[in-house]
Amino acid sequence: MSRLLSVVLRLRVTLVYCMLTAAGTVTLGQIGPHDRWHVLHAASTNLHNLTDGHLATLVTSAFLTEGRPDWWWLASVAILFAVAEWVSGWRRFLLTFCAGHIGATALVAVGLFVGIHVDWFADSLAVAVDVGVSYAAAAVAGSLIRYLAMPWRAVWATSWIAVVAVGAVTEPSFTAAGHALALTIGLGLGALFLRRDAMPLLRNRIGSTSTDRVQPSAQLSTL
């Protein structure tokens, strides 16, 4: 029982997210298409909702999926999140999750706002449904470079960059740009975590080197 409790506590954010997402997915499946459309639009982080001040959509959108539920996709995301939270801790995982989801959403919204106002994009994009956790997943995947050794770190980063690039080429959309931005955020956070974790080791190494240099002179003085 104590071992199970320790696992639950170590994966607390992932478990809460999975339970809420599963509940939201099942609930959406129980209501009619018309009501589902209204729920998704109300929870969407599209430009119309954000500019109207519906900032709560930055939270609600992460727990819903558009269209028919893809349980394989949700299971894959759950595994990714569980691994990331297990190796990085819940604080770093939650920071990466929020930075990827909210950061990429905000940057996409700015891009859409500018693009629509200069007639680069269609006005309909302002009310497009934009829900799901794919931005957060991209960021979390990118941040895992911190916990991989070379050359696997480079292979991991290159593979995800290739996946995002292929998606952008085959299905160009504002969400493809969001995935690229989220992955960039995740890779940046992974590099930051790597640098922060390396600093104490570097200080200890410098300190031990300095001590080794001082000891011979101290011994001579005692003689």
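Helices (H or I, at least four residues) and strands (E, at least two) are DSSP runs, numbered from the N terminus. The model described here is predicted, so local features need pLDDT of at least 70 and side-chain atom pairs count only at pLDDT 80 or more, while totals for chains, interfaces and linings use all residues. Residues are numbered from 1 along each chain as its sequence is written, and side-chain values use heavy atoms, with hydrogens and water left out.

A cavity is a set of points, on a 1 Å grid over the protein atoms alone, where a 1.4 Å probe fits but cannot get out; a pocket is an open set with protein on both sides within 12 Å along at least five of seven lines, and lining residues have an atom within 4 Å of a point. Grid points are joined across faces, edges and corners, and a volume is the space filled by probe spheres set on the points.

The second largest cavity has a volume of about 50 Å³. Among the residues that line this cavity are Ala84, Arg92, Phe93, Val140 and Phe193. Helices α6 (71-88), α7 and α8 each give two or more residues to this lining, and α7 gives the most, with three.

The largest cavity has a volume of about 60 Å³. Its lining includes Leu47, Val108, Leu112, Leu125, Ala128, Asp130 and Phe174. Four residues, the largest share of this lining, come from α7. By class, the lining has eight nonpolar, three polar and one charged residues, where Ala, Val, Leu, Ile, Met, Phe, Trp, Tyr, Cys and Pro count as nonpolar, Asp, Glu, Lys and Arg as charged, and the others, Gly among them, as polar.

Phe174 leads on to the core. A nonpolar core is a set of buried Ala, Val, Leu, Ile, Met, Phe, Trp, Tyr and Cys residues joined through side-chain atoms within 4.5 Å. Buried means under 20% relative accessible area, exposed over 50%, and partly exposed in between (1.4 Å probe, protein chains only). The largest such core has 19 residues, of which Leu47, Tyr135 and Phe174 touch the most other members. Two or more residues each come from α4 (47-51), α7 (90-117), α8 (134-143), α9 (152-170) and α10 (174-222); the largest share, five residues, is from α7. Leaving aside neighbours within four places in sequence, Phe174 is in contact (heavy atoms within 4.5 Å) with Val108, Leu112, Leu125, Ala128, Asp130 and Tyr135. Apart from this core lies another, of 15 residues, including Val77, Phe93, Ala136 and Ala141.

In helix α3 (residues 33-43), Leu40, His41 and Ala43 are buried. The buried residues of α3 pack against α2 (12-30), α4 and α5 (57-60).

Of its 18 lining residues, Trp73, Val131, Gly132, Val133 and Ser134 lie nearest its centre. This lining has five nonpolar, nine polar and four charged residues.

Cys18 counts as partly exposed because its relative accessibility is 24%. Cys98 is also partly exposed, at 33%. The whole structure holds zero disulfides, a disulfide being a pair of cysteine sulfur atoms within 2.5 Å.
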